[in-house]
Amino acid sequence: MSNFYVIFLGGDHRVRIMSKYFINGYKFHTEKWSKGKKTNNCGVWVKGEGDIDYSGVLQYIIELEYLVGWPKKKIVIFRCKWYDPNSSGTKVHPQYQIVEINHTRQYRFYDPFIIAQNVKQVYYIPYPLCKNKSSWHVVIKTKPMGRVEVDDALNVAYQNYISSVEAMVDNQ
C-alpha cells in the first residue's frame, strides 16, 4: 500500500494526501493507518490561548504545493478530529496536572485544520477497569525524537540579537 497519493488541481497546484509524516521530531500516522498497529502515532495536541489546549486525532495529512514561481511554496496541514476542550470534555487534575479527555465529546466548532509545524504528539490511555470512566482517556504528551526542549529559550532570533563586547586592555 502506498504512503501517499497525488491530486492535481489545475496546472499550478498539487495536493498530496499522506498517511505518515515526520515533523519536529515526531512521526505522525493517520488514525486509519494506526488501526491494528502496535504503536499509535495519531494523537495530536496544540496549545491554545489562555488555559485552553486542544487534543485530537489525526485524520488526514495534506501537503499543498504551489508549482509556479521560485522558490517552491509548500505547506503541510493536518485534518483532525478535535475533542471538546471545555469543562464537559476535558478535565485537569488540580494537584497532579493530569489531563483527561472525554473521547465521546467532539469539539462542536468545525475547525479541523492545523498547520503541521504547530502540532505536538500525544497518545491516549483508557481506564480499562473503571466502568464509570469508560468514556475518559488520559492524555500523555510525548517528547520529540532527537531533540531537547527548553522552556526558557530566547524568543529572539540569533541573527538579530547583537551583544556588545567591550575591549579589554592589559595594563602591564
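Guide: D84 and R105 join their side chains in a salt bridge, 3.1 Å from N to O. The pair links distant parts of the chain. D84 sits in the loop between β7 and β8, R105 in the loop between β9 and β10 (113-115), and the two are 21 residues apart. This is a predicted model. D84 is buried, because its relative accessible area is 5% and the cut-off is under 20%. R105 is partly exposed at 36%.

The count of salt bridges comes to eight. One of them joins the side chains of R16 and E63, at 3.9 Å from N to O. R16 belongs to strand β2 (residues 13-18) and E63 to strand β6 (residues 53-66), so this pair ties together parts that are 47 residues apart in sequence. E63 is buried, with 8% relative accessibility. R16 is partly exposed, with a relative accessible area of 26%.

D53 and K47 also meet through their side chains, with 3.3 Å between N and O. D53 is partly exposed at 24% relative accessible area. Salt bridges also link R14, E65 and K72 in a network.

Now the strands. β8 (residues 90-92) and β9 (residues 99-102) run antiparallel and are joined by three bridges. They form a hairpin with six residues between them. Q97, in the turn, has a positive phi of about 60 degrees. K91 has E100 of β9 as its bridge partner.

β9 also pairs with strand β12 (residues 136-141), again through three bridges and in the antiparallel sense. Here the bridge partner of E100 is V138. E100 therefore has a bridge partner in K91 and another in V138. The C-alpha atoms of V138 and K91 are 9.4 Å apart, while 47 residues separate the two along the chain.

V138 itself is buried, at 14% relative accessibility. Leaving out residues up to four places away in sequence, V138 touches I98, V99, E100, Y123, Y124, I125 and Y127.

L64, I75 and I115 form a nonpolar patch, with about 200 Å² of accessible area together. I75 lies in strand β7 (residues 73-82). Its relative accessible area is 34%, which means I75 counts as partly exposed.

Notes: Residues numbered from 1 in each chain as written. Predicted model: local features only at pLDDT ≥ 70, side-chain atom pairs only at ≥ 80, totals over all residues. Heavy atoms only, no water. Pairing = 2+ DSSP bridges. Helix = DSSP H or I, 4+ residues; strand = E, 2+ residues; numbered from the N terminus. Buried < 20%, exposed > 50% of the residue type's maximum accessible area, 1.4 Å probe, protein only. Contact = heavy atoms within 4.5 Å. Patch = residues over 30% accessible without salt bridge, like charges linked within 9 Å, V, L, I, M, F, W, Y side chains within 5 Å. Areas by Shrake-Rupley, 256 points an atom, 1.4 Å probe, with all protein chains shown as cover. Salt bridge = Lys/Arg side-chain N within 4 Å of Asp/Glu carboxyl O.
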